[in-house]
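Subject: Structure handover

Hello,

Here is the structure I promised to pass on. Please open it next to this note and follow along.

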Amino acid sequence: MPHRRGFLKAVVGATCSLFDADAAGPHRRTVTVGGRRVKTVDIHSHCAVPEALALMQLPAGSSARWDSPQLMIGPERLRIMDQQGIDVEALSINPFWYAAERDLASRIIQLQNEKLAELCAAYPDRFVAFATVALQHPDLAAQQLEDGKKLGLRGAAIGGNVNGEEISSRRLDPFWSKAEELAAPIFIHPQGIPELQKRFQGNGYLSNVIGNPLETTLALSHLIFDGTLDRFPGLKICAAHGGGYLPSYSARSDHGCATSPADCNSTPLKKHPSEYLRQLYFDSLVFTPEALRHLVAECGASQIVMGTDWPFPWTTTAVDHILNAPGLSADEKRAMLGGTASKLLGIHSNQS
């Protein structure tokens with residue numbers, strides 16, 4: 001699909017191969033808040049496994065070289081992390097395998113998860129990773145999540161839909177049940193909305209600028225209104241890009257069913273739709289101090305974690321974005337910079 005190919009062209013060089021660089025560069029920026037050292041954690045950082053792309057017979061693409069220093073997980077990536085003050089990256093791979101039949105999907109996921117685990121084991125002070133899962137086969141995905149945890153992976157990264165099927169579908173309940181059982185954090189990253197490609201044409205990169213946050217808004221709204229978060233209240237879900245548009249307009253969700261009862265099912269939610277935002281997590285990838293202040297006001301500082309979307313050049317100032325945010329206490333800044341993500345991902349203080 002076009003949006004998936006675009007992602008692969010952008011990150012195909014960000015391979016999960018091992019490298020010979022020192023884990024800490026000589027000019028590593030350390031971050032302190034209120035005189036206390038903070039372990040910073042980037043929860044939104046991409047990579048890819050070339051061997052897995054080959055299994056799907058997907059081309060590398062002409063816009064990225066395998067040896068690009070900006071894309072490889074290697075010395076240049078560590079240099080950038082050190083420069084920006086990022087101690088740990090949580091690696092994730094955007095799903096390109098949701099159309100794969102069961103056997104091929106199993107091979108892709110096993111290969112990717114083993115490569116991710118190998119990298120993280122070699123550099124445990126700099127990288128953790130989300131497992132990949134074949135969500136189109138929910139029972140298999142549940143087993144892959146469990147197997148990934150055994151490899152030391154910290155949860156799973158999934159798309160905002162599965163070949164057009166909502167991730168709130170009851171068919172996917174075996175996966176959500178296993179995620180709740182394992183207390184495994186699930187990172188949701190949008191895959192775009194291909195059915196809107198005609199509307200996204202023209203200037204502005206609208207397929208991403210509008211399409212990605214819109215898909216996240218839809219995915220989270222379905223998880224709320226379709227009852228997934230009521231069926232599995234212990235889920236630990238983190239949404240990319242500040243949760244899309246939902247935190248900015250969640251009060252409208254509270255009025256929807258009262259305005260048009262015929263468009264709501266007979267099973268009432270256990271609380272107001274906007275209240276579910278307080279049990280979800282959101283990365284900090286919004287672009288102004290006011291946007292971050294509003295995200296905190298709607299969702300709570302305890303629910304915000306730092307995200308960069310590396311290697312996409314959306315931001316190089318994720319740390320300062322939080323450090324300079326208005327109205328935050330020192331404790332809230334420390335939590336957003338890494339404390340909350342460390343708890344979610346099981347990152348211990350002795351890792352830096």
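This is a predicted model: local features need pLDDT of at least 70, side-chain atom pairs count only at pLDDT 80 or more; totals for chains, interfaces and linings use all residues.

How many bridges join strand β4 to β5, and do they run parallel or antiparallel? Three bridges join them, and the two strands run parallel. Strand β4 covers residues 88–92.

**The three-stranded sheet**

Strands β4 and β5 belong to an open sheet of three strands. The order is β3-β4-β5, and the pairing is parallel. At the edges are β3 (41–46) and β5 (127–129), each of which pairs on one side only. From one strand to the next, the twist averages 30°.

Two helices go with this sheet. Helix α3, residues 75–84, lies across β3, β4 and β5. Helix α3 runs at about 130° to β4. Helix α4, residues 102–122, packs on the sheet and touches β4 and β5. The direction of α4 makes about 155° with that of β5.

**The five-stranded sheet**

There is also an open sheet of five strands, again with parallel pairing. Read its order as β6-β9-β10-β11-β12. The edges are β6 (156–159) and β12 (304–305). Each has a single partner strand, so one side of each is left without a neighbour in the sheet.

Look next at β10 (residues 236–239) and β11 (residues 281–283). Two bridges join these parallel strands. Cys238 has Tyr281 in β11 as its bridge partner.

**Aromatic rings**

The count of aromatic pairs comes to six. One of them is Phe96 with Trp97, an edge-to-face pair. Their centres are 5.0 Å apart, with 85° between the planes. Both Phe96 and Trp97 are buried. Ring pairs also bring in Tyr98, linking Phe96, Trp97 and Tyr98 into a cluster.

Phe130 and Phe187 make a stacked pair. Here the figures are 5.6 Å centre to centre and 15° between the planes. Why does this pair tie together parts that are 57 residues apart in sequence? Because Phe130 lies in the loop between β5 and α5 (138–150), while Phe187 lies in strand β9 (residues 185–189). Phe130 is buried, as is Phe187.

Best wishes

How values were computed. Residues are numbered from 1 along each chain as its sequence is written. Side-chain values use heavy atoms; hydrogens and water are left out. Two strands pair if DSSP finds at least two bridges between them. Helices (H or I, at least four residues) and strands (E, at least two) are DSSP runs, numbered from the N terminus. Axes are lines fitted to C-alpha atoms, for helices over the stretch in contact, and angles run from 0 to 180 degrees between N-to-C directions. Contact means heavy atoms within 4.5 Å. Rings of Phe, Tyr and Trp (its six-membered ring) pair if their centres lie within 6.5 Å; planes under 30 degrees apart count as stacked, over 60 as edge-to-face and the rest as tilted. Buried means under 20% relative accessible area, exposed over 50%, partly exposed in between (1.4 Å probe, protein chains only).
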